[in-house]
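Take a look at the model first, then we'll walk through a few of its spots.

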Amino acid sequence: MPKPAEYEFFVDSSRCIGCQACLQACAECDTHKGISLIQLDFIDRSVSTQTAPVVCMHCNSPTCAEVCPADAIKRTEDGIVQTALKPRCIACNNCVLACPFGVPKMNTGMNMMMKCNMCYDRTSVGLKPMCASVCPSQALYYGTREEIEALRPRSRPVNSFQFGRQIITTKVNMMVPLEEPLNFVKMARAMYDAPPAQDMTDDPLLANMYTE
Amino acid sequence: MSRLPKSAAEIREQFGPTLAYTSGMRLDTGVEPDKIVKTHCCFCGQQCGIQLKVYDNQVVGFEPWYEFPFNKGKLCPKGVKRYLQGSHPDRLLHAMQQDSSSPGGFRPVAYGAAIQRAAAEIERIQTTYGPDAFALLSGASLTTEKTYLMGKFAHMCLRTANIDYNGRLCMVSAGAGNKKAFGVDRAANPWSDIIGTDVVWISGANIAECAPITTDYVWQAREQGAKIIVVDPRITPIARTCDLFMPIKPGRDVLLFNGILHLMIENDWLDHDFIEQHTTGFDAAAASVKDWTPAKTAQATGIAERAIQQAAEWWGTATKSFLMHARGIEHHSHGVQNVLSAINIVLASGRIGRPQCGYATITGQANGQGGREHGQKCDQLPGARDLASPEHRAHVAGVWGMNPDDLPMPGVDAYEIFRKIDRGEIKGLLSICFNPLVSLPDNGFVRAQLEKLEFYTAIDFFLNETARYADIVLPGSLHEEDEGTVTQVEGRVIKINKAVDSPGDAREDWRIIQDIARALGRERGFTFQEPREIFDELRRASAGGIADYSGITYEKIEAQDGIFWPCPSDDHPGTPRLFEPGSWNPVARGAGPFYFPDGKARFNVAVYTSPAEDPDDEYPLFLTTGRVVSHFLSGSQTRRIGPLVDQYPEPRIEMHPSLAEKMGINDGDWVTAESRRGSVILKASIVRTIRPDTIFIPYHWADRQSVNQLTISAQDPISKIPEYKVCAVRIRKEDTDTAAGAVDG
């Protein structure tokens, strides 16, 4: 068995089938107190079944921690950005507003921020996180770099993300197509793309339907 | 007379569905489980390995079972939350009898008295009207041991011909087609053969929602270069990123496969040696597709011609391939023909019986495979034997210690059982693991028949919608309260292990059946003390049959992570892949790999007939039905699990924006969908992922939310599967007030 530190987290949204097994399993992790800390959204269900799972990316320089006035968010030596410390968190929402990936959520019932801690009780002792354990499509994968390279020859992991002029590097990797020239993901790219065509030419269903 | 003792609303008040959420011990992270039990999920045919955490005789959570080879820890949302069905507020803890003065219409009675009453009514009905006047409806979510016992109970104890099961709504078209073409009904390959193929062809299978764990196999095949072809009227999540999507018009699958075979012949994409050596009937099949040019196929199937050409080329020129289908091509009045046409393109390619060359139906229910092999099907005896065969009757009667002449002849299918009630031929019913009021088509007819029964007893752990009509309800066992085997999608026999004891008067289903046999004074053959004893008898009964389990033991299953049947002897390792060159089977006896005396597979002329009810001017749209990922079958379990209901709270009508615009419907509007049989008022979900001439409604819901009020009871003439996937409907926008009244009432 490799040491826990050799395991990494890989996200590949192109595999995601939106089944929400990750959401349901996240709440089952002992430290999550029955609350799901992963997010899964339809991009636009009226057009496509495409969904995107979002775990905490565990930034090398976590914005959430940097903006926290109470110093409630700690990044442990193993690179995991922990959820807010209950005695310190003042529920001010700074982290919720500042995180470029939109990960932290305010839990009004508990009056504190909660977010994905990569199932710290599990991963810190060599177990896989709940979401990646159960994920039926393995859009969420937890394993070694050698494993992912062997399993996914059509893509490669990237852990840099561009927001405007800022580039953020993270512990969590995102799979991008092998032919993608950039070594970072332009997170705002879609904002400048043309919206999907509303005619037959670009509609996977209508385009393959018989027409008189 | 079986009647609803109270209004549906009053029964729901008392018996649910109540939504269970994680609370108490299940949330307390300080609780150290007493034990962790390796078992499998209670829901679909994938039968994922799972470990249940048990504390104080309660299942309090789960832990992934990473070592089980099929799913390696993976689970869908149903598997994750399955544990919430235990310790549930709706759980039936006592036997009950109908009593309209009691809350919810039922009052608890002593278990022994309930058994006596059931036995007395069975005796009365059979004495008065004949043995066949009492019918049994069973299910394919039961363990194989229980399904075997149900068949034996019908055929040996009650001597009624009328037993059938809810696999009739699920796998029978595939089963019948496989028997016609291969002589055996089982997935031909283990799922590991999906990885490494050149082409994965998926027809009518919403894999991402109905068999989620198969997704990773498909994606992994693609990582290694496979092209993925999906045929479906909807872009389901597995279709979203496939290499070729073919939006077929509902009910036209046989035409597509025939059109593909036409192109394979025209381009000589055939394995002539395989066809010559290992098959018969090719010439007739080839002649039958001669006219199905791509242009004609495109027009008839509603798929663009170039997509058909592309699919044929990828399929035709592949060196390895795996074809999968499910209810999408099977739930038709010509479901068997659809299956036969699919098998024809596999046989023409010669790609079967070798690594990465495969074919399978994706079985739906937990024990969809094992549940259709050992005698609860109306025409069947254990070991996939035929009830009509003198030789087979003699073998099984020998194991059971009875005169073969005393075995009844084959009975009728599950839907026909209700027609026989209508005709007054069946007067009494026992059901287990079956909720026909939700799951059968045209369920207004089913409801009317329940009301005609003189006596109805239901075994269940929750009061399902059909059981509300029961005179006597007997409290059965949850999946985690018993042990036994099931046979999952690949044909792998696996072991379900007991985690907790049944609460209250509830007990293992096989004990309840045996108690009725004893109360009838016919306990010989029904004195098993544990499931292992039933399994050992089943092994003897199946020996020498096609589904031969004789070499399988509980210990061997655990040691090898399951055993693929056939496994005819103690030293036999099991058979993960069927039809391998040189393989032996009890029918061919060495003549060839297929299960016919000459060892050859059969091409069949697959005939197209239109669906029983195509759209017309009055009802201009196709209605097709299916599942969503967070619910299972009639919803009796999943509609009681809070987080799964939150994920998909109510059925919606899926429709294309061009249709919605024409009808003046916006997303979320109340819409009436209406067929010649019934109507339903649900909210619209407007999506570009469905053909504009088709609407989709999932079927897991009951009462006024049940889409089976609309569906048609037309059946395949061979398999008797109902045509859930096509009927004609019309829709209209409903105003909010009318809709609210209709839904609440």
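In which sense do strand 19 of chain B and strand 20 of chain B pair, and over how many bridges? They pair in the antiparallel sense, over four bridges. (Strands here are DSSP E runs of at least two residues and helices are H or I runs of at least four, numbered from the N terminus; two strands pair if DSSP finds at least two bridges between them.)

A word on the ground rules: this is a predicted model, where local features need pLDDT of at least 70, side-chain atom pairs count only at pLDDT 80 or more, and totals for chains, interfaces and linings use all residues. Residues are numbered from 1 along each chain as its sequence is written, while chains are lettered from A and ligands numbered from 1 in the order in which they are written.

Back to that pair: Val486(B) sits opposite Ile494(B) in strand 20 of chain B. Both strands belong to an open, antiparallel sheet of three, ordered 19-20-21 in chain B. Strand 19 (484–487) and strand 21 (563–564) of chain B are its edges, each pairing on one side only.

| Bond | Omega |
|---|---|
| Gly16(B) to Pro17(B) | near 15 degrees |
| Trp565(B) to Pro566(B) | about 0 degrees |

Pro17(B) lies in the loop between helix 1 (8–15) and strand 1 (35–40) of chain B, and Pro566(B) in the loop between strand 21 and strand 22 (601–602) of chain B.

Lastly, the two chains meet: 46 residues from chain B and 36 residues from chain A make the contact, counted when C-beta atoms, placed from the backbone, lie within 7 Å.
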